[in-house]
Amino acid sequence: MVEILVCDDDREFAVLEKEVAWEVAIRYHQEVWIDLYQSGRDLLKALEKKEETKLCIVLLDINMPELTGYEVAKILNERFPEVLVLFVSNKEELVYAAFEYSPFRFIRKSHFMLEIRHALRKAFEMMERRMEKYIKVLCDGEIILLAHWQILYFLMRSRKVCFYLWDGRVLLVRGTMKGMLEKLRDRKMIQINSGCVINADQVESYTSNTVTIKGGEKLPISRDRAKSVKRQIEENWRK
């Protein structure tokens, strides 16, 4: 679960940040927990009590009493470098000074509704990479660590498993379809016919007999698997 910590002394705006964060999380099928803090000290105390902070996103106002957002960010960089900091400010001229604290994003309050959605989508992508699963595959005599999220789909070709990846690469790997499914052990990997397995996270749309993968490629669904494939895709979308 991703934790979003909103730190802003403006209570009304902090509540707005929370509401929009929930909306974005639902849109991108993210399970989140959101807390509000009105001071940097309270935020830091909460982080000190956490056993794990690598899945934490902080929406941090810059202009706050006692500890400014810059001061809080400096402490976060020292004690919790894995936390993603998204500066939020109504002073656009602070964007350049903010670079010193290596924020993940700078969000202008004057353009909040537009910029927060893009920033959180990118932050969620980063969180997914931190949670990702890997398998080891042998390709041309070289062992490659392959993350599940990189896989669009794979199929059998010339007695080898052919992986099609999100960045356009194609890997030919020794093995069998059954063996790869057992190695992956991932419910998001759905077998749509006897020779093809797709990554449900990469599905753009589907019909009764085809699946369209992100990027536009269509793959056939066998008749005997149609109901099962539809159910699994929709379950994944709901999650």
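Me: In this predicted model, which helices each supply at least two residues of the lining of the largest pocket?
Reply: The lining of the largest pocket in this predicted model comprises 35 residues, and Gln30, Glu128, Lys188, Asp201 and Asn236 are the ones that lie nearest its centre. The helices that each supply at least two residues of that lining are α5 (112-131) and α7 (226-238).

Me: Which element gives the largest share of the lining of the largest pocket?
Reply: The pocket in question has a volume of about 1,500 Å³, and its lining residues divide by class into eleven nonpolar, seven polar and 17 charged. The largest share of this lining amounts to six residues, and the element that provides them is α5.

Me: How are α1 and α5 oriented to each other, roughly parallel or oblique?
Reply: Helix α1, residues 11-27, packs on α5 with the two axes 10 Å apart and at an angle of about 50 degrees. Angles under 35 degrees count as roughly parallel and those of 65 to 115 as roughly perpendicular, so the orientation of α1 to α5 is oblique.

Me: How many nonpolar residues are there in the contact of α1 with α5?
Reply: α1 passes α5 in a right-handed crossing. The residues that meet include Phe13, Leu16 and Val20 in α1, and Phe112, Ile116 and Phe124 in α5. By class, the contact of α1 with α5 has no polar residues and four charged ones, while the number of nonpolar residues is eleven.

Me: How do α2 and α3 lie to each other, roughly parallel or roughly antiparallel?
Reply: The axes of helix α2 (residues 40-48) and helix α3 (residues 69-79) come within 10 Å and cross at roughly 15 degrees. Angles under 35 degrees count as roughly parallel and those over 145 as roughly antiparallel, and therefore α2 and α3 are roughly parallel.

Me: Which residues in α3 meet α2?
Reply: The crossing of α2 and α3 is right-handed, and their contact has six nonpolar, one polar and two charged residues. On the α2 side the contact is made by Gly40, Leu43, Leu44, Leu47 and Glu48, and the residues that they meet in α3 are Val72, Ile75, Leu76 and Arg79.

How values were computed. Residues numbered from 1 in each chain as written. Predicted model: local features only at pLDDT ≥ 70, side-chain atom pairs only at ≥ 80, totals over all residues. Heavy atoms only, no water. 1 Å grid on protein atoms, 1.4 Å probe; cavity = no way out; pocket = protein on both sides within 12 Å on 5 of 7 lines; lining within 4 Å. Points joined across faces, edges and corners; volume = space filled by probe spheres on them. Helix = DSSP H or I, 4+ residues; strand = E, 2+ residues; numbered from the N terminus. Nonpolar A, V, L, I, M, F, W, Y, C, P; charged D, E, K, R; others polar. Axes fitted to C-alpha atoms, helices over the stretch in contact; angles between N-to-C directions. Left-handed = near helix turned anticlockwise from the far one by under 90°. Contact = heavy atoms within 4.5 Å.
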